[in-house]
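I open this notebook to record what I looked up in one protein model. The sequence and coordinates come before my entries.

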Amino acid sequence: MKITILGTGTSQGVPVIGCHCTTCTSDDPRDNRSRCSVLIQSETTQIIIDVGPDFRSQMLDAKVNSLDAVLLTHEHNDHIIGLDDLRPLLFTNKKGIRIHGEERVLSDLKHRFEYAFTTHSYPGAPSFDVKEIVPNTKLTIGDITILPLRVTHGRLPILGFRIGKFGYFTDTNEIPNSTIAELSELDVLVLDALRPTPHHSHFSLEEAIIMTKRIAPQRAYFTHVSHLMGPTSIWEKKLPRNIYPTYDGLQFEV
């Protein structure tokens, strides 16, 4: 599989509007971070994890012409609000795109995007085929098998995903032992690391390093990085061997 990390920033993105800190004024392209999203491509299947407010530009940059499904980690705005921008792909595919999420998340979608689920939608409205995800129950989309796993984002139970030897866990400050047990022998782990100091719903840099050592992947990349982390060229020097910063557009194979 080819993995493309489309977006690596927080809900505000980086640079932050109106901020003139050293990160937000950096000329390092790695410090220009759109909202978190990941593209997974096999020979026959294309899946995206989360569709935030930058989804349209991310798809154009990645030159993606079709999608088989969307996986949602949770219902926060920076992970779902780009759903309407799926419409061009719906017109191309001539069928609804499958949206996979927990029951709570799908219920929230139906409230926020009511026009996409009504029986009397207007011409050109998007149409979604929603499928409930049950944690720890595998699902298969095309030739890709996904294991959704429980993590916690503050007080909110959300999902991370293991796909083959790739693990993706954004927006989390707690990974239970039962989930860690499912993450042995990963080639690549992508993990939340918000800032140097503790946060109530995200791993700090130090906490992310500790968790990575527990999971012990071959290599790891830190995502959901805020401008408070500082310029990438500085904080990457604090990372242990085989742990790296993500950046928008990062690609690798697993």
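Which residues is Leu6 in contact with, leaving aside its neighbours within four places in sequence? I find Ser34, Ser37, Val38, Leu39, Ile48, Gln58, Met59, Ala62, Asp248 and Gly249, where contact means heavy atoms within 4.5 Å.

Basis of the entries. I work from a predicted model, in which local features need pLDDT of at least 70 and side-chain atom pairs count only at pLDDT 80 or more, while totals for chains, interfaces and linings use all residues. Residues are numbered from 1 along each chain as its sequence is written, and side-chain values use heavy atoms, with hydrogens and water left out.

Entry on Leu6. I located Leu6 in strand β1, residues 2-7 (strands are DSSP runs of E with at least two residues, helices runs of H or I with at least four, numbered from the N terminus). Leu6 counts as buried because its relative accessibility is 7% (buried is under 20% relative accessible area, exposed over 50%, partly exposed in between, with a 1.4 Å probe and protein chains only). I also noted 8.2 Å between the C-alpha atoms of Leu6 and Arg35, which are 29 residues apart along the chain.

Entry on the whole protein. I counted seven helices and 14 strands. The radius of gyration is 18 Å, close to the 18 Å from the globule rule for 254 residues, so the protein is as compact as a globular protein of that length (the radius is taken over C-alpha atoms, and the rule is 2.2 Å times the number of residues to the power 0.38). Of the 254 residues, 53% count as buried.

Entry on backbone geometry. Most residues other than glycine have a negative phi, and most peptide bonds are trans. I therefore listed the following cases.
- Val14 and Pro15 are joined by a cis peptide bond with omega of about 5 degrees; Pro15 lies in the loop between β1 and β2 (37-41).
- Asp50, not a glycine, has a positive phi of about 70 degrees. Asp50 sits in the loop between β3 (46-49) and α1 and is buried, at 0% relative accessible area.
- Ala216, not a glycine either, has a positive phi of about 60 degrees. Ala216 is in the loop between α6 (205-215) and β12 (219-223) and counts as partly exposed at 48% relative accessibility.
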